Amino acid sequence: MRRSNLPAEPNRFVGRAAEQDQLARMLAEFRLVTVVGVGGVGKTRLALRAASALQKRYVDGVRLVELSALRDPGLVAHALMEALGLTDHTVRGPREVLLEHLAELRLLLVVDGFEHLVEECAGLLRELLAGCPGLTVLAAGRRPLRVDGEAVCTLAPMGAADARELLTGRAVEAGAPPAGDAQALRELCRRLDGIPLALELAAARLPLLTPEQLLRRLEDRFRLLDGGRRGALPRHQTLRTAIGWSHELCTPEERLLWARLSVFAGPFDLEAVEYVCGGPGLPADRVLDVLGELLAQSLVSREDTAAGPRFRMLGTVGAYGAEWLAALDDTERMRRRHRDWYMGLATWCELEWFSPRQAEVAAVTDVALPNLRAALELCLESPEDSMLGQHLAGTLWFYWAGCGRLSEGRHWLDRALGASSHQPVALHEEARLKALWVLGYVAILQGDPTAAVAALHECRERARITGNAVAEAYATHRMGCMALLSDDLPRAEELIGRALDAYREIGELNSNVLMGQVELAMARAFRGDLEGAVALCAEVREVCEERGERWTRAYALYVLAYAALTDGDPLSARELLTECVTINHAFHDLVGLVLAIELLALVTAVEGDPAEAALLQGAAMPVWQSVGLPLFGSAHFNGARALCARQAGELLGEEAYAAWYDEGERLSVDAAVDRALAERRDTAVRGLAGPRAPRPFRTGRAPVPDTRKPAGSPTVSGGEAAG
């Protein structure tokens with residue numbers, strides 16, 4: 001994890017030197033500092049600037065969590081986990097995970113845009129500050145959090161000199177001539193109360209209007225509001241006036257797009273805008289040009305993301321647009337269009353997950369998450385739409401399971417399945433069945449067999465009654481997966497084999513189906529049938545290469561590496577596991593990642609480096625704590641770990657083994673991955689990785705029949721597991 005996730009500044013920071021110094025002093029004295037002020041006064045920009053300047057104070061970094069796009073109070077803790085780069089696959093509550101992670105860290109957490117979630121946010125921060133002595137919080141919002149020990153920094157508008165520098169600088173950036181009437185510029189700054197957002201909106205107009213013309217138009221609007229009386233308007237009214245004045249200067253198409261864009265909850269792309277916002281009064285083929293005008297007027301900003309360029313509307317500007325949308329009596333229609341677009345996007349992502357665009361799908365879904373949450377919220381607001389919520393939560397299975405989002409996926413699946421529906425039974429049933437098997441899948445990976453059994457049993461029984469062969473196959477498959485993790489290998493083979501037969505019969509082929517084949521291969525490998533396991537995974541690998549699929553491919557590589565190591569070829573095992581670790585880390589799939597690191601530790605021990613093996617075992621343990629019960633509590637999956645611990649411990653001695661293990665346990669996930677992927681340059685070590693290398697899961701070279709368990713295999717007890 002990077003030490004900071006603070007965004008790059010979009011343009012030059014102007015002024016506020018005294019305020020930065022004040023914040024630095026307050027953060028040295030208080031552990032919770034809240035910057036408050038009217039909308040548009042620059043709270044967020046100042047907080048980010050101060051946090052960036054103070055990074056060296058915090059050895060574990062600075063992290064930003066943005067809450068403005070969040071609507072569900074139940075996701076506040078999830079948002080903090082996301083900002084901290086935490087992935088937790090267990091059924092532990094996110095507060096517990098946060099407390100454990102932050103307990104020993106010295107870190108600055110910047111919390112922005114919390115005012116609409118103040119109760120949930122205040123309670124969470126109060127608990128974290130009490131339990132994590134090295135945590136400092138810098139918050140920015142329109143009101144204090146009202147938490148004991150909070151220090152409040154009230155941010156005033158800019159002084160005259162800073163305001164003029166901001167206005168003229170932004171005007172030049174927008175293309176205005178550098179010179180202008182100094183008196184008119186000073187008066188503009190005064191009339192706009194030095195509020196940065198109001199100044200930036202005015203600056204965007206200076207390429208078209210002279211300062212005198214702009215001031216004259218602005219004065220007319222102020223006069224309407226104050227009835228011609230002398231005296232200043234309240235500052236919140238000044239900003240609203242400036243925004244309203246910008247609104248008046250827009251064309252009818254620009255005003256309409258401004259209003260319609262307010263339904264987006266986070267970054268959005270052009271295609272989404274064209275679908276959602278195009279329509280009466282604004283043809284889709286006009287959206288690009290009109291959006292460009294709003295961008296030029298600083299009403300919309302552009303940002304680069306992992307999924308490509310996206311646009312965003314500032315919260316204050318968006319709120320004004322939402323009022324206009326409500327005045328047009330068009331809010332509900334636009335929210336439904338927004339929901340429909342993101343349901344379509346989720347469907348496209350599910351289909352493209354089984355393709356060479358898998359990494360792109362992960363990035364697109366990540367960036368779209370705030371809007372997907374808004375779509376889910378709308379689905380669950382009324383009983384008649386709950387079926388849509390179940391459909392959307394189920395469609396996103398690839399994101400919940402494949403991209404490290406199990407905890408949030410569980411949140412939405414539980415909510416969706418708990419909602420009643422007024423839809424016709426047949427229409428509702430298909431969506432519910434899919435949500436049920438996805439919930440079962442998520443619960444298995446979280447180590448919650450009780451919830452998994454309940455969901456999968458209901459799914460299978462209802463699927464049989466309604467004749468839904470697809471849902472029945474998925475439920476059977478996941479029951480087999482649960483048997484695999486609980487060491488019931490014969491039942492795992494029977495259930496997964498039955499599911500695979502059903503998939504073939506109905507023509508189902510996707511990442512889930514291939515994963516079933518890998519899971520069947522694992523069961524066979526653990527029973528000693530390496531030849532059968534290799535054949536299954538070689539077929540999966542071939543299909544993945546044809547389709548460009550990487551996520552399931554990583555699990556197939558794990559089984560092939562297990563077979564290679566068992567067959568005395570650690571060099572091939574290392575090569576396979578290196579790719580496996582790389583893929584799983586890219587997708588934030590901690591289950592696949594930690595399994596690969598565990599097996600890589602044994603490879604390292606076999607190669608003759610017990611210290612590095614012990615370190616990798618130590619590095620795996622914190623990941624298991626995020627995943628759930630280490631090695632799923634399975635003797636079969638624990639075999640490699642137990643054997644590695646025994647071999648490394650015998651060579652190093654108990655004290656040295658513990659020291660290397662402890663060093664690994666202190667590594668972050670990113671550092672553990674870097675260590676696992678580090679090029680091994682020791683030629684003496686490489687010399688061991690030849691055809692005569694030890695066979696860790698066998699006592700000799702003779703093939704092992706399926707009916708007996710290989711000596712030293714994961715199915716044989718013995719050896720001490722570290723940790």
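Q: What makes a residue of the protein count as buried, and what share of the 723 residues is buried?
A: Buried residues make up 57% of the 723 residues in the protein, where buried means under 20% relative accessible area, exposed means over 50%, and partly exposed lies in between, with a 1.4 Å probe and protein chains only. The model is predicted, so local features need pLDDT of at least 70 and side-chain atom pairs count only at pLDDT 80 or more, whereas totals for chains, interfaces and linings use all residues. Residues are numbered from 1 along each chain as its sequence is written, and side-chain values use heavy atoms, with hydrogens and water left out.

Q: Why is the pair of Trp397 and Phe398 called edge-to-face?
A: Rings of Phe, Tyr and Trp (its six-membered ring) pair if their centres lie within 6.5 Å, and planes under 30 degrees apart count as stacked, over 60 as edge-to-face and the rest as tilted. A search of the whole structure finds 17 aromatic pairs. In one of them the ring centres of Trp397 and Phe398 are 6.2 Å apart and the planes stand at 90 degrees, so this pair is edge-to-face.

Q: Why do Trp397 and Phe398 count as buried?
A: Trp397 has 4% relative accessibility, so Trp397 counts as buried, and Phe398, at 0%, therefore counts as buried too. Both residues belong to one aromatic cluster, formed by Trp353, Trp397, Phe398, Trp551, Tyr555 and Phe587.

Q: Why is the pair of Phe526 and Phe637 edge-to-face, and which parts does it tie together?
A: The ring centres of Phe526 and Phe637 lie 4.9 Å apart with planes at 80 degrees, so the pair is edge-to-face. Because Phe526 lies in helix α24 (residues 511-526) and Phe637 in helix α30 (residues 635-652), the pair ties together parts that are 111 residues apart in sequence; helices are DSSP runs (H or I, at least four residues), as strands are (E, at least two), numbered from the N terminus. Both Phe526 and Phe637 are buried.

Q: What makes Arg335 and Glu381 a salt bridge?
A: A salt bridge is a side-chain nitrogen of Lys or Arg within 4 Å of a carboxyl oxygen of Asp or Glu, and the closest N and O atoms of Arg335 and Glu381 are 2.9 Å apart, so the pair meets that rule. Arg335 lies in helix α15 (residues 331-352) and Glu381 in the loop between α16 (358-379) and α17 (386-395), so the pair ties together parts that are 46 residues apart in sequence. Arg335 has a relative accessible area of 23%, and is therefore partly exposed.

Q: What makes Arg478 lie over the face of Tyr441?
A: A charge sits over a ring if NZ of Lys or CZ of Arg is within 6 Å of the ring centre and within 35 degrees of the ring normal. Arg478 lies over the face of Tyr441 at 3.6 Å from the ring centre.
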